[in-house]
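Please open the structure in your viewer and keep the selection tool at hand. The tour below goes from one residue to its surroundings, and then on to other places.

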Amino acid sequence: MNGMYGDGPGAFDAFGQDPFDDDEFDDRQGEQEDEGSEFDEALLEEELRQAAAILDPVPAELRQVAMDAYALYDMDARLAELTFDSLVDAIPVRGVTDIPRMLTFTAGELSVDVEVTSEGLMGQVMPPQPAGIEVLNGLQALRPATLTADSMGRFTSDVPPAGPFALRLRTGGEVVVTEWLRA
């Protein structure tokens with residue numbers, strides 16, 4: 001390969017440059033590392049937090065909702081996992097408007113099917129059983145709407161959830177809470 005591309009000894013002489021030798025390259029890397037170690041990441045993080053607090057503060061209502069949601073955390077409750085969401089898993093139908101959102105939550109043997117529409121929500125607890133269902137909904141999370149499932153596990157509400165919501169089911173001695181979703 002010598003000569004074809006002019007990469008033999010003295011190839012950089014035409015441009016007045018010599019390639020770095022290993023010692024010079026190691027020295028330059030050491031200089032860069034020394035400069036980086038002087039940078040204080042904790043100071044930068046604190047300055048960014050202060051700037052964000054001034055330029056884009058967290059609204060007081062949102063902070064209160066977050067604290068209320070955390071206060072609702074129930075150590076004895078089992079979490080019902082979202083296993084089906086029609087917004088993600090369903091096949092869209094052409095020309096249909098105002099499609100109800102279908103949700104399925106599962107916690108062990110218990111599952112809850114919920115249909116959310118602009119007129120409200122309705123659902124069923126499986127296996128069928130009576131249950132008390134609280135609709136935890138944003139600002140009203142401290143005073144949730146309470147629904148009652150009949151002996152077939154069916155329940156309805158004329159009030160659609162607005163914003164983030166979750167369901168808390170009380171069946172017998174068991175408490176199950178669904179994941180929070182945006183309506």
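Select valine 114 first: leaving out residues up to four places away in sequence, valine 114 touches Arg101, Met102, Leu103, Phe105, Leu121, Met122, Gly123, Phe155 and Leu167, where contact means heavy atoms within 4.5 Å. The model is predicted, so local features need pLDDT of at least 70 and side-chain atom pairs count only at pLDDT 80 or more, while totals for chains, interfaces and linings use all residues. Residues are numbered from 1 along each chain as its sequence is written, and side-chain values use heavy atoms, with hydrogens and water left out.

Next, select Leu103, Val114, Val125, Ile133, Phe155 and Leu169, which touch the most other members among the 21 residues of the largest nonpolar core; such a core is a set of buried Ala, Val, Leu, Ile, Met, Phe, Trp, Tyr and Cys residues joined through side-chain atoms within 4.5 Å. Strand 3 gives the largest share of this core, 4 residues, strands being DSSP runs of E with at least two residues and helices runs of H or I with at least four, numbered from the N terminus.

Stay in strand 3 and pick serine 111, which counts as buried because its relative accessibility is 16%; buried means under 20% relative accessible area, exposed over 50%, and partly exposed in between, with a 1.4 Å probe and protein chains only. Apart from neighbours within four places in sequence, serine 111 is in contact with Phe105, Thr106, Gln124, Val125 and Met126.
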